[in-house]
Amino acid sequence: MAQMLNCSQQVYSNYELGQRDIPTNILIKLSLIHNVSVDYILGLTTKKDRFPD
C-alpha cells in the first residue's frame, strides 16, 4: 500500500496507527484505491459509495 501511495512503509504505518495525520492527497488516493468515499475513510459515514464521476 505504501508503494501505491508513494510513501515509505513507516509513514504509512504512522497513518494507520493515528500517529500522523493523513494528507488530503493521500486520502483521495485511498478513496480511489478502495472505491469508497473520503468521508467513509474518515469515519464520518457508514456509506461506502463515492460520488459519481
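Here are a few friendly notes on this predicted model, gathered residue by residue.

1. Let's start with helix α2, which spans residues 24-34. Four of its residues, I26, L27, L30 and S31, are buried. They cover an arc of only 140 degrees around the axis, so they sit on the same side of α2. An α-helix has 3.6 residues a turn, so residues three or four places apart point the same way. As for partners, the buried residues of α2 pack against α1 and α3.

2. S31 deserves a look of its own, as a serine within helix α2. Is S31 buried or exposed? Its relative accessibility is 6%, and because buried means under 20%, S31 counts as buried. Leaving aside residues up to four places away in sequence, S31 touches V36, S37, V38, I41 and R50. With V36 there is also a polar pairing to inspect: a polar atom of the S31 side chain lies 2.4 Å from the backbone oxygen of V36.

3. You will find N35 in the loop between α2 and α3. At 52% relative accessibility, N35 counts as exposed, because the cut-off for exposed is over 50%.

4. N6 is not a glycine either, yet it has a positive phi of about 60 degrees. N6 is located in the segment before α1, and with a relative accessibility of 67% it counts as exposed.

5. The segment before α1 also holds M4, and α1 itself covers residues 9-17. M4 has 53% relative accessibility and therefore counts as exposed. On the surface, M4 forms a nonpolar patch with M1 and I33. Together the three residues of this patch have about 260 Å² of accessible area.

6. Finally, have a look at L42, in the segment after α3 (38-41). How exposed is L42? Its relative accessible area is 48%, so L42 is classed as partly exposed. L42 and L27 are 15 residues apart in sequence, and their C-alpha atoms are 8.7 Å apart in space.

Key. Residues numbered from 1 in each chain as written. Predicted model: local features only at pLDDT ≥ 70, side-chain atom pairs only at ≥ 80, totals over all residues. Heavy atoms only, no water. Helix = DSSP H or I, 4+ residues; strand = E, 2+ residues; numbered from the N terminus. Buried < 20%, exposed > 50% of the residue type's maximum accessible area, 1.4 Å probe, protein only. Patch = residues over 30% accessible without salt bridge, like charges linked within 9 Å, V, L, I, M, F, W, Y side chains within 5 Å. Areas by Shrake-Rupley, 256 points an atom, 1.4 Å probe, with all protein chains shown as cover. Salt bridge = Lys/Arg side-chain N within 4 Å of Asp/Glu carboxyl O. Arc of directions from axis to C-beta. Contact = heavy atoms within 4.5 Å. Polar contact = N/O pair within 3.5 Å; in protein donor to acceptor, adjacent residues only side chain to side chain.
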